[in-house]
Amino acid sequence: MLNHRVILLFALATSVWPGRVSAQEPLTGAQTPPPVVFAPAGKSQTGERIQQHRFWDKKNAWLFAGVGAARTFDYFSTLNLRQRGDQEVLVTNDLVDNHAAFAVVEAAGTGVSIGAAYLFHHYGHHKLERWTSIVHFGLATSGAVRNYCLKTTHPRSAP
């Protein structure tokens, strides 16, 4: 069981951090810095500066790590749920019982969340970019807590 935890944590760590490292590489001679955009006269530049940020900034890194941690919490709470004899509702029990496949599904969920946040960032919807991770973190955490709060299913004994 410990090996599955290590593999899952490694998969989550490698899916979150490589983009951050490559995003901070120095510019080479072939690369050019991004163009500087000036706001027209009369418009407030402070609002535009607040909205513009790098995708792998510190805040997003923490939000993505939180989503990964919440998905890890959900993974272990769902395994605990199955070990106590209860049934999984959102995915098949066969998927949950195959620990490696279920770990891939949880890691893919984290990746999809990061991808959705990137799309929002790319098209300038920075509030939605942040809220994607915040909502995903909240839903995954509340689902995991719910799994732990469910009563253990006791098999009925024959009379």
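A helix here is a DSSP run of H or I that covers at least four residues, and helices are numbered from the N terminus. In this predicted model, the protein has seven helices and zero strands. The protein has 159 residues, of which 31% count as buried.

**Helix α4 and its end**
- Helix α4 covers residues 58-83.
- With 26 residues at 1.5 Å a residue, α4 should span 38 Å, and this agrees with the 37 Å that separates its end C-alpha atoms.
- G85 follows α4 and has a positive phi, near 90°.

**Packing of α4 with α7**
- The partner helix α7 covers residues 126-149; α4 and α7 pack at an angle of about 20°, and their axes are 8 Å apart. The two helices are therefore roughly parallel, because angles under 35 degrees are counted in that way.
- The crossing of α4 and α7 is left-handed.
- The contact of α4 with α7 comprises 13 nonpolar, 10 polar and five charged residues.
- A69 lies in helix α4. A69 counts as partly exposed because its relative accessibility is 45%, and that class runs between 20% and 50%.
- A69 and F137 are separated by 68 residues in sequence, yet their C-alpha atoms are 8.3 Å apart in space.

**Packing of α4 with α6**
- Helix α6 covers residues 99-122; α4 and α6 pack at an angle of about 155°, with 10 Å between their axes. This makes α4 roughly antiparallel to α6, because angles over 145 degrees fall in that class.
- The crossing of α4 and α6 is right-handed.
- V105 is located in helix α6. With a relative accessible area of 33%, V105 is partly exposed.
- From C-alpha to C-alpha, V105 and Y75 are 9.4 Å apart in space, while 30 residues separate them in sequence.

**Aromatic pairs**
- The structure contains seven aromatic pairs. In the pair of F55 and W56, the ring centres are 5.4 Å apart and the planes meet at 80°, so the pair is edge-to-face. That class applies because the planes are over 60 degrees apart.
- Both F55 and W56 are buried.
- Y75 and F76 form another edge-to-face pair, at 4.9 Å from centre to centre and with 80° between the planes.
- Ring pairs join F55, W56, F64 and Y118 into a cluster.

**Burial of Y75 and F76**
- Y75 has a relative accessible area of 0% and is therefore buried.
- F76 has a relative accessibility of 17% and also counts as buried, because the cut-off for that class is under 20%.

How values were computed. Residues are numbered from 1 along each chain as its sequence is written. This is a predicted model: local features need pLDDT of at least 70, side-chain atom pairs count only at pLDDT 80 or more; totals for chains, interfaces and linings use all residues. Side-chain values use heavy atoms; hydrogens and water are left out. Axes are lines fitted to C-alpha atoms, for helices over the stretch in contact, and angles run from 0 to 180 degrees between N-to-C directions. Angles under 35 degrees count as roughly parallel, over 145 as roughly antiparallel, 65 to 115 as roughly perpendicular and the rest as oblique. A crossing is left-handed if the near helix is turned anticlockwise from the far one by less than a right angle, and right-handed if clockwise. Ala, Val, Leu, Ile, Met, Phe, Trp, Tyr, Cys and Pro count as nonpolar, Asp, Glu, Lys and Arg as charged, and the others, Gly among them, as polar. The expected span of a helix is 1.5 Å times one less than its number of residues. Rings of Phe, Tyr and Trp (its six-membered ring) pair if their centres lie within 6.5 Å; planes under 30 degrees apart count as stacked, over 60 as edge-to-face and the rest as tilted. Buried means under 20% relative accessible area, exposed over 50%, partly exposed in between (1.4 Å probe, protein chains only).
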